[in-house]
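Have a look at the chain below, and keep the picture open while you read.

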Amino acid sequence: MEVGAAAEAEPLLPPRTWRAGRGLWRAGGGGARSATEDGTGADNDLYINQAIVFIEDAIQYRSINHRVDSKSLWLYRWYYSRTCQWILSLTITIILALAFLEKPSSLTITSDVRYRLPAWNPPCGLTESIELLCFLVFMVDVSVKSYLIGWEEFWKNKWLVAYILTLIVSLTDWIVSLSFFCTENVRIRRILRPFFLLQNSSMMKKTLKSINSTLPEMASVVLLLAVHLSLFTMFAMLLFARTKDGQQDKEWVGYFRNLPDSLTSLLVLLTTANNPDVMIPAYSMNRAYSIFFILFTVLGNLFLMNLLTAIIYNQFRGYLLKSVQSSLFRRRLGIRAAFEVLSSLREAPANAQQSYVSTGALLRVLQKVEMDSRCKQAIMRSLKMCSCDQLSAAQFQKLFEELDKDAIKQHPPSPEYQSRFMQKMQFACGHPYFGYLGNVVALANIVSICVVLVMDADKQPSERDDFFLGAINCFFILYYLLEMLLKILAMGLKRYLSYPSNRFDGLLTVILLVLEIATFAVYGFPHRGWRPEFMGLLSLWDMVRLVNMFIVFRFLRIIPNMKFMALVVTTLLDLVKNLRAFAGILLVVFYAFAITGIMLFKGVVVPLGNTSAVNTTYGNGTLQCGTYEQLEYWPNNFDDFAAAVVTLWDVMVVNNWQVFLEAFSRYSSPWAKIYFVTWWLISSVIWVNLFVALLLENFIHKWDRRCHREPLSDIEYQRTVELMFRDVLEEPTEEELMEKLHQHPHLQLFLFYTVSYSMKKLRGMNFGWNVAPRSLATFFSSIK
């Protein structure tokens, strides 16, 4: 607390004196500047720097509750500079990547336990030294963060408290690891590493908070699923109970021998992974048994699981909307805080009834603010078009609404030719029909390749004659080159490269041309009896195949010309851009479960040739169909981090995931099923449904915009998660912003809003409105 008090010696605004007619009051205070120093250059520089930081906070949706003295502002901007954030991101990446190098190392060609060679493991102290350097960076990070927000605010921030606790536990575990010379099997700090990624992303925190708020609603459906599963399990154990006839007991032996097996069989059936295998033994005896399995699948998979998807979409969208609403409030609060500090500059009129900011002061701020050049130019353009020299709070806020708009990219103009022939060429090559002709030619190229591949499918490499395929490839590549040059002639190089589809098309055309020239240089021009002889790194057949793969890939150029397909693709591309928070959370869960899986199941899977292998014996040396061993799933194990990640991915897809349940329960313990079922719930049920929710929201938003506005050929729109909800967000009121500013822990700001609000209170106490400014100043000095 003493450190916080020392840092507040230089407040956000110097204590204010009463300014008649404006409604702002400055009161003296200990350790603050005097009223005579209000107009000094140092004060103005401080106000400018504070406004710069507040605007940058608004741009990045950051909280403004941090120290605002001159030294702290410098430290704050340094911390959020690209260099520091890049170093922090690199440190997080390094400490997460250590899992691939640490013992058990993933540096082997294969993870198959039958063929895997002994992996190289780093000596004790190598990865630990890198880990210590990462911990030092994190300690600097948490120290700077804690100092900037102040110790009083630090104890209110649960993420920072958890950050310090995570570092303490990690360092303790690191010391224990060195004391045992890196021979211990359980390392707690490995499971905690994903926290460093989680706490560094505000969007991941918001997403996690939204998921946490959605859990109660999801729990009700999950409980209903559990009841559904339990009831049908009891029915199944009664329906398929053991009988005297061994032929009638196939269903009991295979799937419903006891309660754990019955629960597992029906849980897997809920994902349809073992359908119809689980039904066949009983169905072969009596077709009426199929009613039980069909009824269970319809109620569980079609109704309850899809109901869970609907609830997750509805609830998560609501909570995500709240998080985005809070982000909008942060942006508006940062802009308003910048306005208030700029209104204290000497240029502000002293006799105004409300606060104003001079346009010159705002221009000085904009020149130093780090923001998107498009937004900065738009704000400056609007500012220069404004005829007034002073900006009110509403005008100031409206200027920065440019931050909330779509990112618009306008394409450069086409060149203007004087020659009539060139003008006609430009018109013809720039016409949409010219692009359609290129699409038809690309389709003809694909069809010709397919015909040749079908004809040569059953031929040996020595029997193939690549003359026809080489000739048509040469023709089509020359056409692609001519088309690219004509488009550049019609549109100009800058305009041509401004379209992503043209960049994609042109890059593949250049690659195809280079490959074709290399083929001619090595094998000569296509001719009868062109044989795939090996010369150099690639055979002729390899070169032709490579060219054809690029040609097939190039056919994707048709997407921008098909409106609905283009809508789907742009939705996917926007989704990828906005998926960092969701992908980050999935990475955190993957990492934690992979490390846990290594601790639980490392080395439990061994080849059948090993005498200590399986606890069960196989009759006559044969393997049961559909088992881990018979399907040769040996590469799917938890013997190293990379193998564990792939195994978890295979379980998340839920295809044949019952094989992993059965195998690891047999190799280790029946309790292993809890690990895999928990992973299935978190990854396949919760995260996949959250992904579907975001995909639906993005697509619906794109579809609505498509219905209300026709896309313009020369303009591209890019949207973020915040802009996705922009149309349904509510603007914060003046009172809400002012109230929040007054709660700022380091902001000594006394505004017109407070004075007018207090005067209303005084009016209720029979003081009246016509109170002299001097008496009001005396009154507020006494209550301060």
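Are Arg 187 and Glu 128 buried or exposed? Both of them are buried (buried means under 20% relative accessible area, exposed over 50%, and partly exposed in between, with a 1.4 Å probe and protein chains only). Before going on, a word about where this comes from: it's a predicted model, in which local features need pLDDT of at least 70 and side-chain atom pairs count only at pLDDT 80 or more, while totals for chains, interfaces and linings use all residues. Residues are numbered from 1 along each chain as its sequence is written, and side-chain values use heavy atoms, leaving out hydrogens and water.

Back to that pair. Side chains of opposite charge can pair when their charged atoms come close. Arg 187 and Glu 128 meet in a salt bridge, meaning a side-chain nitrogen of Lys or Arg within 4 Å of a carboxyl oxygen of Asp or Glu. Arg 187 sits in the loop between helix 7 (158-179) and helix 8 (188-192), and Glu 128 in helix 5, so this pair ties together parts that are 59 residues apart in sequence. (Helices are DSSP runs of H or I with at least four residues, numbered from the N terminus.)

A search of the whole structure turns up 20 salt bridges. Here are some of them:

| Pair | N to O distance |
|---|---|
| Arg 187 and Glu 128 | 3.6 Å |
| Lys 145 and Asp 141 | 3.8 Å |
| Arg 666 and Glu 662 | 2.6 Å |

Lys 145 and Asp 141 are four residues apart in helix 5, so about one helical turn separates them. Lys 145 counts as buried because its relative accessibility is 15%, and Asp 141 is buried at 4%. Arg 666 and Glu 662 are also four residues apart, in helix 27 (residues 657-667). Arg 666 is buried at 13%, but Glu 662 is partly exposed at 32%.

Which residues does Glu 131 touch? Glu 131 belongs to helix 5 (residues 126-149) and is buried, with a relative accessible area of 0%. Leaving aside residues up to four places away in sequence, its contacts (heavy atoms within 4.5 Å) are Ile 95, Leu 98, Glu 102, Trp 174, Arg 189 and Arg 193. Glu 131 is also linked with Glu 102, Asp 173, Arg 189, Arg 190 and Arg 193 in a network of salt bridges.

Finally, follow helix 10 (residues 202-239), which has 38 residues. At its start, a side-chain oxygen of Ser 201 comes within 3.1 Å of the backbone nitrogen of Met 204.

Key:
Helices (H or I, at least four residues) and strands (E, at least two) are DSSP runs, numbered from the N terminus. The expected span of a helix is 1.5 Å times one less than its number of residues. A polar contact is a pair of N or O atoms within 3.5 Å; within protein, one must be able to donate a hydrogen and the other to accept it, and residues adjacent in sequence count only if both atoms are side-chain atoms.
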